Amino acid sequence: MFQIAIFAGKLVCLISKTLRLGAGATWPGEIALRLDPAILQKFSKQQKNIILIAGTNGKTTTVKMVETILRYKGLSVQHNASGANLNNGLVSAFLTDAGWNGRLTSDYFIFEVDEATLPNILKTLMPNIIVLTNLFRDQLDRYGEVDVIAEKWQEALLKLDTGNQSIKMHQTVVIINADDPHVVLVGEKLATTVKYFGLEDASLFLPNMQHATDTIYCPRCGSRLTFGGVYFSHLGKWACGKCRLTHPRVDVISRDFPSPIEGVYNRYNTLAAAMVAKEVEISDHDIREALKNFTPAFGRMEEIDAEGKRVKILLSKNPTGFNESLRTVLSSKQKGPILLVLNDRIPDGTDVSWIWDVDFETLKNYKEKIFVCGDRQYDLGLRLKYVGTAFNMHGNLEEALQKALKETQKDQMLWILPTYSAMLDVRKILTGKKIL
Amino acid sequence: MNFKLVVGWLYPELMSTYGDRGNIIVLTKRCEWRGIGVDIQMIDFKTVRKNIESCNVIFGGGSQDRQQGIVIDDLRTKKGPVLKELFEKGVPGLFVCGAPQLLGHYYMTGDGKVLEGLGIFDMESKHFGKSKPRCIGNTIAEIEAGFRVQGLGYRKTVVGFENHGGRTYLGAGVKPFAKVMKGCGNNGEDGTEGAVYKNCIACYSHGPFLPKNPHIADWLISKALEVKYKKKILLKQLDDALEWQAHEFML
């Protein structure tokens, strides 16, 4: 059955590529999985070098950074398409890589994994490195509560230690963000090797705690955590005075590996990628050199040239991500108008309540024009009305983009902050290409 | 006369699940735009009776299971009795999200555990485990009479988003808040959504309920002023064109 599944899957790959259907990220895998439900396991048995990246924010950028570093060292890398982070996306990536005989060719496989899917994937696939980036509230209508995800992660990872039934004992290294108390708790009981990264840079502390936080009460005993400083949301130098759960000693800090792109969250992505590369025994010097050539993943601080104007797209899909996008725009030397686009389709989450957790108040005295668009433009407009800042609302995205570009001076940057499906729409209009 | 209101916000750190803060922002701004001063009184573990008694309107947001577990004892034993006194006096309140479960007599979890509620509202809630699906989605409901504020814009509908597993059944001591037009409401059976006791509203709509329902925000403000200053106080009409656009978009 494996061979038939491979053949069918590869055929779908080929067809979608030739016809430019743009559906090659998930459909080949979906078809192959239906023909051979054990195909993921069969692929993973062939390949020891599998790296998984899981968490709410930063997956796509971290994958791209790891890939950049490994390629710099001449290693071949296969990854799943951004957003194609369920089983079918992983199988599709394997199919793209495999020959018609089903044999894998790349040295390394790096997968971003949907936070809700990680436990399920760990049942069939044995990675040698797992990175846990962070846990924030994201699409409650789809993912449910942060606590539930953390519990399921811990359960699945504990099984790795004892070797689960279908897979033989294997040594997995788990790389954890020490600044996120909830993720630290997940790694706390693991017998496997756990390594930590954290920023350790007091100059990045926020003056005040933000409203959009998830884990400011101890995930283990429920007491209020104390924070020596906060980088954003609940990420920082934390400690529990009661049960003594504490911020672990970290193996790498922000100063060790400068981030190639703006934004505090990208410092975390850089550290996560650097730790993976160190596990693969790449030298610190080479990691730093490789990252100098890093270009952002699509829609993640991606810079596009549109009608002679410079545009930066910052995917902003949950309160914490949005707050960090705003912080990046406001602290950037490059000034310019802002276009906010809010959709409520399935990939965005149908519930837009979260916009009230975003600190749009930081835009109150913004000097440039602000444009509002998207399926839920009225909700977003209303949010800005209650900030007390002026804005222009547009029902049509193309029109909004045109107006915003017109307002952007030659030496300025147009900042676009869209939700997921809105980001795809924006890119399609600006570049004329379809992604997924 | 310079009017001033104190808005009490229950456990802002723990009862804020998904944009609940929007209700506080809306109450504050709609007062300020009318020249009414606002103080926010955060009510948490350390807040004493005197400070809670100073509140003229109370807001309670939603909480996830773990967070609810952290607040429930303090809320029931230390804050509950004071809140009940306030509501008996007619102080208005708004509770969103799982509030019907919290304010009623009890809430029975999916595995049969009975959690005692505040007992302020005559109603009970149950979770039927996997036998009844979670209620998730945009909602529309028609409000019962009595929420119109003299001289202000009004709609018969309220719009919101629900996301709850439990089902609530009202007793004779409370009135339903609204009649379900779209969505599940209290239990998906009797067509009721939320409950009203004196001037306190509990609803299953979660998160930012007031931004798209400015008539309910103004009703809360007007009741708060009436109870505090012991007379009817006319509210200035605001330009709510965008609020109603957002409201009507959901209909």
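**Terms and their grounds**

α3(B) lies across β1, β2, β3, β4, β12 and β13 of chain B, and runs at about 140° to β3(B). The model is predicted.

Q: What makes α1(B) a helix that packs on the sheet, and what angle does its direction make with that of β1(B)?
A: α1(B) touches β1 (4-10), β2, β3 (57-60) and β4 (93-95) of chain B, and its direction makes about 180° with that of β1(B). Contact requires heavy atoms within 4.5 Å.

Q: In which order do the nine strands of the open sheet in chain B stand?
A: The order is β2-β1-β3-β4-β13-β12-β11-β8-β9 in chain B, with mixed pairing. On average, neighbouring strands of this sheet are turned by 25° against each other, direction ignored.

Q: Why is one side of β2 (37-43) and of β9 of chain B left without a neighbour in the sheet?
A: Both strands of chain B stand at the edges and have a single partner strand each, so one side of β2 and one side of β9 have no neighbour in the sheet.

Q: What makes strand β12 (residues 192-197) and strand β13 (residues 200-202) of chain B a pair?
A: Pairing calls for at least two bridges between two strands. β12 and β13 of chain B have three bridges, in the antiparallel sense, and therefore they meet the rule. In β13(B), B:I201 is the bridge partner of B:V196.

Q: Why is the link between B:E13 and A:R224 called a salt bridge?
A: The closest N and O atoms of B:E13 and A:R224 are 2.8 Å apart. The cut-off is 4 Å, so the pair qualifies as a salt bridge. Across the interface of chain B and chain A, the rule finds four salt bridges.

Q: What area is buried between chain B and chain A?
A: About 3,300 Å² is buried between the two chains, and carbon and sulfur atoms give 55% of it. In chain B, the residues that lose the most area to chain A are B:Y18, B:R21 and B:R66, together 24% of what that side buries. The contact takes 38 residues from chain B and 38 residues from chain A.

Technical notes. Residues numbered from 1 in each chain as written. Chains lettered and ligands numbered in written order. Predicted model: local features only at pLDDT ≥ 70, side-chain atom pairs only at ≥ 80, totals over all residues. Heavy atoms only, no water. Buried area = accessible area lost by both parts, 1.4 Å probe. Salt bridge = Lys/Arg side-chain N within 4 Å of Asp/Glu carboxyl O. Helix = DSSP H or I, 4+ residues; strand = E, 2+ residues; numbered from the N terminus. Axes fitted to C-alpha atoms, helices over the stretch in contact; angles between N-to-C directions.
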